[in-house]
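The following note sets out points for a colleague who wishes to examine the structure in detail. Please read the numbered points alongside the sequence and the coordinates.

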Amino acid sequence: MHLAAHYLAAAGISFLDKKDDDSHTNLGLSRGTGRLQTHPLSSNGDILSLDYTDFSLRWDAQNNSSIFPLNGATHAQVLTWLQETSKTILNRDYTYKFHYNLPYPISPDFTFELLSEKRLKELLDLRILAQSTLEEILAVYRLESSIRIWPHHFDTGAYAKVNDRFAIGFGLAIPDTLCTTHYFYISGYEGHDAISTTGFAQLSFGEWKDNGFKGGLLPASAIGQLKAVTFLKEAINSYKIGSKTQF
């Protein structure tokens, strides 16, 4: 799914104005349809989506929709469909080219295979949990931030400035060297520097890290929105005390 999401990121690079923070490549989640979606790619609102419910790519245009099933398709076949469809719908060239390294190698004969519909639904449920949790935190603390999926690390994240010197970044990350499962994370920043968590109060759920990654971490396996929200609230409270910031 991380590799498949990069077809959407490449569409952003191909058709949208470049943003210094790379936000033209990021994606949104449509909970109602179970799809990751690009920003609108044209003035007509054309959108390229990755559908968790049927493991497909979908191009929705003003008067035309095209669906490409990924199961059994090679990377080369996907690119052919994307290039032909973008030429037909937008009359523009789709290019699969990045200014950063892809997370995994991919060759023309790489073949997508759906091994478990159950696991795919679990991944969608995690995205929905993250979206709902982050929305609640933003509302509770009256913070302003978009909630987007960043293709570089495939995390669902939000970043909010609390005042001129303090900000927090938080979200849901995929398994990596910090945690072998999906996990919620939060970090506080003064300027561009992550705030040390040394001396912070112990969390009811999750733990503090201060070596390399500075922030809180909560494995997302077998938890619901209540635990996730509690984790983020307690973490934010620790940052409030440590930075003497008013929310």
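1. Two strands are taken to pair if DSSP finds at least two bridges between them. The model under discussion is predicted. With that criterion in hand, the pairing of L48 may be stated: its bridge partner is W59, which belongs to β4.

2. The pairing of β3 with β4 deserves a description of its own. Strand β3 covers residues 47–51 and pairs with β4 in the antiparallel sense, over 5 bridges. The two strands form a hairpin that leaves 4 residues between them. Within the turn, F55 has a positive phi of about 55°.

3. Strand β4 also has β5 as a partner. β5 comprises residues 65–69, and its pairing with β4 is antiparallel over 5 bridges. Here L57 stands opposite F68 of β5. As to burial, β4 (residues 56–60) is mostly covered, with 4 of its 5 residues buried.

4. The loop between β2 and β3 contains S43. Is S43 buried or exposed? S43 counts as exposed because its relative accessibility is 81%, and the cut-off for exposed is over 50%. The C-alpha atoms of S43 and D54 are separated by 28 Å, the two residues being 11 apart along the chain.

5. Not counting residues up to four places away in sequence, R31 touches I128, Q131, S132 and E135. Between R31 and S145, which are 114 residues apart along the chain, the C-alpha separation is 18 Å.

6. Helix α1 may be checked for both length and burial. The helix has 14 residues and reaches 20 Å from its first C-alpha to its last, close to the 20 Å expected at 1.5 Å a residue. Since 13 of the 14 residues of α1 are buried, the helix is largely enclosed by the rest of the structure.

7. Helix α3 passes a similar check of length. Its 24 residues, 117–140, should span 34 Å at 1.5 Å a residue, and the end C-alpha atoms are 35 Å apart, which agrees. After α3 comes R142, with a positive phi near 55°.

8. The largest pocket holds about 540 Å³ of space. Its lining consists of 23 residues, and those nearest the centre are W150, D155, A158, Y159 and Y185. Which elements give two or more residues to this lining? They are β7 (155–161), β8 (166–173) and β9 (183–190). By class, the lining of the largest pocket divides into 10 nonpolar, 10 polar and 3 charged residues.

9. The second largest pocket has a volume of about 430 Å³. It is lined by 21 residues, of which M1, H2, F55, E113 and L123 are the closest to its centre. Of these, F55 is also the turn residue with a positive phi in the hairpin of β3 and β4. At least two lining residues come from each of α1 (2–15) and α3. The largest share, 4 residues, is that of α3. The lining of the second largest pocket divides into 14 nonpolar, 4 polar and 3 charged residues.

Definitions and conventions:
Residues are numbered from 1 along each chain as its sequence is written. This is a predicted model: local features need pLDDT of at least 70, side-chain atom pairs count only at pLDDT 80 or more; totals for chains, interfaces and linings use all residues. Side-chain values use heavy atoms; hydrogens and water are left out. The expected span of a helix is 1.5 Å times one less than its number of residues. On a 1 Å grid over the protein atoms alone, a cavity is a set of points where a 1.4 Å probe fits but cannot get out, and a pocket is an open set with protein on both sides within 12 Å along at least five of seven lines; lining residues have an atom within 4 Å of a point. Grid points are joined across faces, edges and corners, and a volume is the space filled by probe spheres set on the points. Ala, Val, Leu, Ile, Met, Phe, Trp, Tyr, Cys and Pro count as nonpolar, Asp, Glu, Lys and Arg as charged, and the others, Gly among them, as polar. Buried means under 20% relative accessible area, exposed over 50%, partly exposed in between (1.4 Å probe, protein chains only). Contact means heavy atoms within 4.5 Å.
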